[in-house]
Amino acid sequence: MRTILITGPGGSGRTTLAAATALAAAAEGTSTLVLGTDRTDTLGAALGVTTGPAPVRAAPHLTAWRPDAAQDFRGDLTALQDRASSALDLLGASRLDSEELTPLPGAEELALLRALRDVALSEKYGTLVVDLPPAPQALALLALPEELRRYLRRLLPPERQAARALRPVLGRLAGVPMPAEWLYDAAARWDLELAAVEAVVADRDTVVRLVAEPGPAGADALRTAGLGLALRRLRTDVVVANRVLPEASPDTWLAGPVAQQRKTLEEWRESYDVRTVAHLGRDPRGTDDLTALAVPGAEQTATKADWPVTDRLDEEGVLVWRIPLPGAIREELDLVRRGDELVVTAGPFRRIVSLPSALRRCTVDGAALRDGELRIRFTPDPKQWPQGR
């Protein structure tokens with residue numbers, strides 16, 4: 001399944017272009033699903049149909065779906081209460097009824113992640129287009145599966161499940177209750193579900209498409225979003241410059257905005273594969289307007305997100321880990337080694353990554369940022385490095 005994740009600054013028209021991209025894929029005869037994330041039906045407004053918790057047919061070969069976060073949240077919390085019923089009864093806690101539950105912050109993100117997993121497992125569609133939230137929220141959302149899995153492994157290490165038979169004895173010896181069986185079972189289930197979502201996001205057929213309106217604000221947002229995506233090793237295919245004004249226009253007042261857009265587009269083309277979408281002079285509504293936008297097709301090439309380790313042992317006695325971070329600023333970079341992990345901070349983003357096996361037997365010898373690439377030097381530890389290398 002080809003998956004296109006579309007995001008950009010708020011107000012850039014990403015929902016409209018997500019709908020147009022899905023419509024273009026469906027027009028090629030590919031069974032296509034477009035997922036919406038907004039609470040209000042902005043996706044339906046663009047497509048000219050009403051979208052909601054039940055998938056609806058928006059055009060030939062095109063289905064639109066806007067998952068209901070409230071419904072998922074009520075189901076999850078009700079199931080959690082059922083599993084923890086004995087503990088709740090022991091505490092004298094009052095059970096919450098499904099009707100009185102309202103979604104907490106984060107429920108919408110979890111509902112979207114579950115929808116991504118369900119669509120991938122269903123194998124019903126050839127193309128999936130996802131209208132993600134604005135870029136800052138989208139980057140946090142895409143990082144969520146990896147981060148939650150890491151938290152689960154730290155809080156409830158899987159290897160401790162082997163001592164199930166000893167838990168009652170250990171609990172009596174320690175004088176404190178040991179984690180219940182259902183908690184480990186729930187953690188294993190959550191880890192499996194998150195792993196499925198993480199696999200969809202990291203799949204070679206999944207790309208992120210950035211939408212921005214050419215101009216100073218769009219340029220700043222694009223640089224920040226590109227940096228966050230690079231740190232997450234997410235593949236981008238194209239940058240869509242939306243609402244591009246016509247070069248030849250009788251309106252003299254457009255000369256300034258047109259020149260500003262032209263300058264921004266020239267700068268973007270030095271770093272990105274840029275596709276332009278013309279301004280229609282109105283808000284696109286319905287399939288005719290979406291078709292007129294002539295958005296890039298679903299089958300676009302994407303740059304492979306490689307983090308190679310360069311062997312320079314013979315020349316300099318080091319291994320170099322090269323991490324592409326386009327748009328990074330030296331003063332906003334930070335590195336911390338924690339055992340077999342590296343904490344990388346780039347601007348407003350932070351990620352904890354596992355070191356490649358060869359680098360785990362090395363010590364950090366320094367780092368430098370050159371041409372949008374972070375190069376970390378590692379010196380082999382004689383106590384751990386194979387003899388004779």
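**Close-up views of a predicted model**

**View 1. Helix 5 meets helix 6.** In this predicted model, the axes of helix 5 (residues 107-122) and helix 6 (residues 135-155) come within 10 Å and cross at roughly 80 degrees. Axes here are lines fitted to C-alpha atoms over the stretch in contact, with angles from 0 to 180 degrees between N-to-C directions. Helix 5 and helix 6 are therefore roughly perpendicular to each other (65 to 115 degrees). Look for Glu 109, Leu 110, Leu 112 and Leu 113 of helix 5, which meet Leu 141, Leu 144, Pro 145 and Leu 148 of helix 6; contact means heavy atoms within 4.5 Å. By class, this contact has 7 nonpolar, no polar and 1 charged residues. Leu and Pro count as nonpolar and Glu as charged.

**View 2. A pair of tryptophan rings.** The count comes to 1 aromatic pair, for which ring centres must lie within 6.5 Å. The rings of Trp 307 and Trp 321 have centres 5.8 Å apart and planes at 70 degrees, so the pair is edge-to-face (over 60 degrees). Trp 307 sits in the loop between helix 11 (286-292) and strand 9 (309-312), and Trp 321 in strand 10 (residues 318-324), so the pair ties together parts 14 residues apart in sequence.

**Reading notes.** Residues are numbered from 1 along each chain as its sequence is written. Local features need pLDDT of at least 70, side-chain atom pairs count only at pLDDT 80 or more, totals for chains, interfaces and linings use all residues, and side-chain values use heavy atoms, leaving out hydrogens and water.

Key:
Helices (H or I, at least four residues) and strands (E, at least two) are DSSP runs, numbered from the N terminus. Angles under 35 degrees count as roughly parallel, over 145 as roughly antiparallel, 65 to 115 as roughly perpendicular and the rest as oblique. Rings of Phe, Tyr and Trp (its six-membered ring) pair if their centres lie within 6.5 Å; planes under 30 degrees apart count as stacked, over 60 as edge-to-face and the rest as tilted.
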